[in-house]
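Look over the sequence and the 3D structure below.

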Amino acid sequence: MDRNALFDATDPIVIFHRWMKEAAASEPNDPNAVALATATADSRPSVRMVLVKQVDERGFCFYTNAESRKGAELAANPHAALCFHWKSLRRQVRVEGPVVELPPTDADAYFHSRSRTSQLGSAVSQQSRPLESREVLEEMIDACDRSHPEEVPRPSWWKGYAVQPEQVELWVDGEHRLHDRFLFIRENGGWKKQRLFP
Ligand SMILES: Cc1cc2nc3c(=O)[nH]c(=O)nc-3n(C[C@H](O)[C@H](O)[C@H](O)COP(=O)(O)O)c2cc1C
């Protein structure tokens, strides 16, 4: 493998898309799964997995419940860090930057692209808040199913967010821990590229 060729672009997003394509072919599931770190206004961090649904000019886009723990943290402190780890490729991508909400039309389109059961589940889930039992959840789903025989409306609190990349680090495992790391920092509309010690 030509290790330098792996990092051969001035734009880290170009490399990211290339790596994601390879991960899609080699990962057993969810190559788009990413650890999303948020923090409270007083800087206490928390982390969980989400699925990145698009990576485009708006940033790294994911969807969630705005009233969840992560949603509350993003409302108080609209910054996040992401970490992809593709075990099959032994590669890591870290992304950091401010977070913006996606337009409701995007949330509508993605919400309705999912299975009806997923839509019902998202519509009734008071994500991150206490739930008495699984039966209660299942009853809520049945009730929502009955009250919306046609389309399940997207709740206003089910939203899309984009992490706008200010920093991207691309990492490739090396023998004897001699990994390759490149940090890209947004500068004057372009990217400054810097190799880092492992
Ligand atoms: C692989 C994977 C993908 C997930 N994708 C999402 C997602 O896209 N959106 C989401 O709200 N939760 C997703 N979850 C669930 C979250 O990890 C988490 O449990 C939930 O969002 C509540 O997090 P919070 O309490 O920190 O807000 C995913 C979990 C896993 C393991």
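## Around the ligand

Strand S2 gives the largest share of the shell around the ligand, 4 residues. This is a predicted model: local features need pLDDT of at least 70, side-chain atom pairs count only at pLDDT 80 or more, and totals for chains, interfaces and linings use all residues. Residues are numbered from 1 along each chain as its sequence is written, and side-chain values use heavy atoms, with hydrogens and water left out.

Which residues come nearest to the ligand? Of the 13 residues around the ligand, they are Arg48, Met49, Thr64, Lys70 and Ser128. By class, the shell has 5 nonpolar, 4 polar and 4 charged residues. Ala, Val, Leu, Ile, Met, Phe, Trp, Tyr, Cys and Pro count as nonpolar; Asp, Glu, Lys and Arg count as charged; the others, Gly among them, count as polar.

| Residue | Atom in the residue | Distance |
|---|---|---|
| Met49 | backbone N or O | 2.7 Å |
| Thr64 | polar side-chain atom | 2.6 Å |
| Lys70 | side-chain N or O | 2.5 Å |

The protein covers 64% of the 610 Å² of accessible area that the ligand has on its own. Accessible areas come from the Shrake-Rupley method with a 1.4 Å probe; for residues, only the protein chains shown count as cover. Strand S2 (45-51), strand S4 and helix H3 (69-76) each give two or more residues to the shell.

## The chain and its cores

The protein chain has 6 helices and 10 strands. These are DSSP runs, numbered from the N terminus: helices are H or I with at least four residues, strands are E with at least two. Of the 198 residues, 41% are buried. Buried means under 20% relative accessible area, exposed over 50%, and partly exposed in between (1.4 Å probe, protein chains only).

The largest nonpolar core holds 34 residues. Such a core is a set of buried Ala, Val, Leu, Ile, Met, Phe, Trp, Tyr and Cys residues joined through side-chain atoms within 4.5 Å. Trp19, Phe60, Phe84, Trp86 and Val93 touch the most other members. Helix H2 gives the largest share of this core, 6 residues. A second, separate core has 14 residues, including Leu102, Ala107, Ile141 and Val152.

Take Phe60. Beyond its neighbours within four places in sequence, its contacts include Ile13, Phe16, Leu82, Phe84 and Tyr161. Contact means heavy atoms within 4.5 Å.

Helix H5 (residues 116-124) has its own buried residues: Gln119, Leu120, Ser122, Ala123 and Val124. Helix H4 (104-113), helix H6 (134-147) and strand S7 are among what covers them.

Is Asp180 buried or exposed? Asp180 counts as buried because its relative accessible area is 9%. Asp180 sits in strand S9. Its side chain makes a polar contact with the side chain of Arg3 (2.4 Å). Another polar contact joins the side chains of Asp180 and Arg195 (2.6 Å). A polar contact is a pair of N or O atoms within 3.5 Å; within protein, one must be able to donate a hydrogen and the other to accept it, and residues adjacent in sequence count only if both atoms are side-chain atoms.

Phe197 lies in the segment after strand S10 (190-196). Phe197 counts as exposed because its relative accessibility is 76%.

Note on methods:
A residue is near a molecule or strand if one of its heavy atoms lies within 4 Å of it.
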